[in-house]
Amino acid sequence: VVARAIGVGEGNVVTAHQVHSADVVEVTEVWPMEGRPKVDGLVCRTKGIGLGVLTADCGPVLFADADAGVIGCCHAGWKGAVGGVTDATVSAMINLGAKRDNIVAVLGPTISQAAYEVGPEFPKPFLEQSSANGAFFIPSTKANHFMFDLPAYLRQRMKGLGLKAVHDLALCTYSDEARFYSYRRATHRGESDYGRLISAIALV
């Protein structure tokens, strides 16, 4: 279904074994599921291959330089986000011939600040990176806890890369139960599994 939707052959969509890292690899051929690399970013300049990222609250980001024929995607949970997975994906695209100011990025369905409560220790790596990152946290109703705005952090980080455009679909995985899976929603309900969304891009 995904392959047809993005215009590639059946079985020609690849994903990574995502590990919340900032590591990125180039895709030059379709690999088997059991051979997936443990990375969180994929880049490609080979036509006919789709790149997919699986999420259920984390941020799926798709990138394209249409003129250079270079695409990318990354899985940006909080750990990958603060670790620079978006930056690393853009750098890998540039290594394949993309131009920074010609890359368009799109952030897909991601948990919103209203649904993302975090503990007292959570802001530390963000604040160590920059005190300005405190703007992405507001106090929650629970003492010493905060509500974290992952989409806003990702938008600002990507806008700082000098890309052509950064778009946020502004869709919340947690609140839109009819369309999206959510790890946090499933956890709150004590459900055994939570499903995954796939966001994909291809050169055709």
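This is a predicted model: local features need pLDDT of at least 70, side-chain atom pairs count only at pLDDT 80 or more; totals for chains, interfaces and linings use all residues.
A residue is called buried when its relative accessible area is under 20%.

**First stop: Phe-148 and Tyr-153.** Select Phe-148 and Tyr-153, both of which are buried. The structure holds 15 aromatic pairs. In the pair formed by Phe-148 and Tyr-153, the ring centres lie 6.5 Å apart and the planes meet at 50 degrees, so the arrangement is tilted. Now extend the selection to Trp-78, Tyr-116, Phe-122, Phe-126, Phe-136, Phe-137 and Phe-146; together with Phe-148 and Tyr-153, these residues form a cluster linked by ring pairs.

**Second stop: Pro-151.** Select helix α5, residues 150-159, where Pro-151 is located. Pro-151 has a relative accessibility of 9% and therefore counts as buried. Which residues does Pro-151 contact, leaving aside its neighbours within four places in sequence? They are Leu-107, Thr-110, Ile-111 and Asp-168. Select Leu-169 next: 18 residues separate Leu-169 from Pro-151 in sequence, and their C-alpha atoms are 9.7 Å apart in space.

The relative accessibility of Thr-89 is 0%, so Thr-89 counts as buried. When residues up to four places away in sequence are not counted, Thr-89 touches Val-24, Gly-41, Leu-42, Val-43, Phe-63, Gly-72, Cys-73 and Cys-74.

How many disulfides does a search of the whole structure find? The search finds zero. For Cys-73, the nearest cysteine sulfur is that of Cys-74, 7.2 Å away, whereas a disulfide requires the two sulfur atoms to be within 2.5 Å. Cys-73 counts as buried because its relative accessibility is 2%. Select Cys-172 as well: Cys-172 is in no disulfide, and the nearest cysteine sulfur, belonging to Cys-58, is 13 Å away. Cys-172 likewise counts as buried, at 10% relative accessibility.

Tyr-183 is partly exposed, at a relative accessible area of 45%. Tyr-194 counts as partly exposed at 23% relative accessibility.

Key
Residues are numbered from 1 along each chain as its sequence is written. Side-chain values use heavy atoms; hydrogens and water are left out. Helices (H or I, at least four residues) and strands (E, at least two) are DSSP runs, numbered from the N terminus. Buried means under 20% relative accessible area, exposed over 50%, partly exposed in between (1.4 Å probe, protein chains only). Contact means heavy atoms within 4.5 Å. Rings of Phe, Tyr and Trp (its six-membered ring) pair if their centres lie within 6.5 Å; planes under 30 degrees apart count as stacked, over 60 as edge-to-face and the rest as tilted.
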